[in-house]
Amino acid sequence: MRIGLIGRADDRGIGIQTWEFHRHMPVHSTLCVLTNDPQFPEDPGRFGRDVVNVDSNLSTKRDQRGLDERKVRRWLEDVELVFAVETVYDWRLIDWAHDAGARVVVQGNPEFYCHHQYGFQQPDRWVWPTEWMIPELGEHLPTGQLDVLPVPTVERPVVAADPDDEVLRVLHVVGRPAAGDRQGTYEFIESLASIRGRVHVTLTSQEAGLPGSLRLGRNVTAEVITTSQSDRWDLYGNQHVLVSPRKYGGLHLPGLEAMASGLALVMPDCSPNRMWPGRRLKAHKAQRVRTPFGGIQMHSAHPLDIAKMIDIYARDRVALIADMDAAKRWADFNTWEAHAEYSYMPLFEDVLS
């Protein structure tokens, strides 16, 4: 099977997902889509020698990225199955792939699915990283086929802090801020003044915009990082728990990476967060957020509930050890090696049959 990957070469979500796919799956050739955004440096060399680089632009209608048709068609001639994350950038590529005899699988993120509004060409199969929003998606897909294809965790050594450390170390990852304060950053920041235990908090973002000063509990210290890490795994070193009161979304890459690194995971008690181990925060219905898919219901966690959860770990290290161990065990059974054999390859064979 000649698998063609549509990759991104930056260190944002799609770039990380496609790079890990390339590292762990038998990719025959990669079409690397360059966005040429100076804010996010690109490294096409990460995809090895069998790579075709193609520039993209936002000059086409409805925010599609136009691709060089001749270059893409030449690339498609040598692949049987195309795998993409979230988008193929220029949806005419579906027709180009079919002309070349190739099939296309897109691992989508539901909030960015907008084919029901614009009539874009559909891939041969959509797959979703979790069960989040599958009921809402069903009526909008031409075949109604809704497959869940999990994003695996990467095998990593434990780099978390020693749970017996006197100070609890809490991490909150913003990444790149999304619509509706998706990561629940403002609720998290508001919670800091109510924490009573000895806690050190790290807030990290790929962009500026986080508050310069924070209201902190008497025993709380904090640092704010607004630059990208050269190695994303450095985020999780010497931390105990990732607190992520995110309001909507299916895939949660920082959560997967944190668990693989040995951190406990705290999230609101709503879909799809129950699939991951860790303590859940009471989730309250918030306003709806406008996304390319349409309006999506958000859920928020109260700042006092966040502070209370952090204080539980600060005073109960037995609970902390149990949750850190559970997170690492879950990650160790969710590896690329396991999913390649039991999820990815059977799906691809089915699409080609």
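**Reading the model step by step**

Mentor: Let us begin with a hairpin: β14 and β15 form one, with 4 residues between them, and in its turn glycine 294 has a positive phi of about 145 degrees. Please keep in mind that this is a predicted model.

Trainee: In which sense do strands β14 and β15 pair, and over how many bridges?

Mentor: Strand β14 (residues 284-290) and strand β15 (residues 295-300) are antiparallel, and 5 bridges connect them.

Trainee: How should I read a sheet, and what is the order of the 7 strands in the open sheet?

Mentor: In a regular strand, side chains alternate between the two faces of the sheet. Here the order of the 7 strands is β3-β2-β1-β4-β5-β6-β7, and the pairing is parallel. The edges are β3 (51-55) and β7 (147-148), each of which pairs on one side only.

Trainee: How many bridges join strand β5 to strand β6?

Mentor: Strand β5 (residues 103-107) and strand β6 (residues 125-128) run parallel and are joined by 3 bridges. Opposite valine 106 stands tryptophan 126 in β6.

Trainee: Which helix packs on this sheet and touches β1, β4, β5, β6 and β7?

Mentor: That is helix α10 (residues 336-352), whose direction makes about 140 degrees with that of β5. Helix α1 (residues 13-24) lies across β1 (3-7), β2 (27-34), β4 (81-85) and β5, and runs at about 155 degrees to β1.

Trainee: Let us turn to cavities. How many cavities of 30 Å³ or more are there?

Mentor: There are 2 cavities of 30 Å³ or more.

Trainee: Which element gives the most to the lining of the largest cavity?

Mentor: Helix α7 gives the most, with 4 residues. Both α1 and α7 (253-261) supply at least two residues each to that lining. By class, the lining of the largest cavity has 9 nonpolar, 2 polar and 3 charged residues.

Trainee: What lines the second largest cavity?

Mentor: The second largest cavity holds about 30 Å³ of space. Its lining consists of Gln17, Phe21, Phe83, Val85, Gln107, Val151, Trp336 and Tyr344. The elements that give two or more residues to this lining are α1, β4 and α10. By class, the lining of the second largest cavity has 6 nonpolar, 2 polar and no charged residues.

Trainee: Finally, what is the order of the open sheet with 6 strands?

Mentor: The order is β10-β9-β8-β11-β12-β13, with parallel pairing. Its edge strands are β10 (220-225) and β13 (280-281), and each pairs on one side only. Strand β9 (residues 199-205) pairs with β10 in the parallel sense over 6 bridges. The bridge partner of threonine 204 is isoleucine 225 in β10.

Technical notes: Residues numbered from 1 in each chain as written. Predicted model: local features only at pLDDT ≥ 70, side-chain atom pairs only at ≥ 80, totals over all residues. Heavy atoms only, no water. Pairing = 2+ DSSP bridges. Contact = heavy atoms within 4.5 Å. Axes fitted to C-alpha atoms, helices over the stretch in contact; angles between N-to-C directions. 1 Å grid on protein atoms, 1.4 Å probe; cavity = no way out; pocket = protein on both sides within 12 Å on 5 of 7 lines; lining within 4 Å. Points joined across faces, edges and corners; volume = space filled by probe spheres on them. Nonpolar A, V, L, I, M, F, W, Y, C, P; charged D, E, K, R; others polar.
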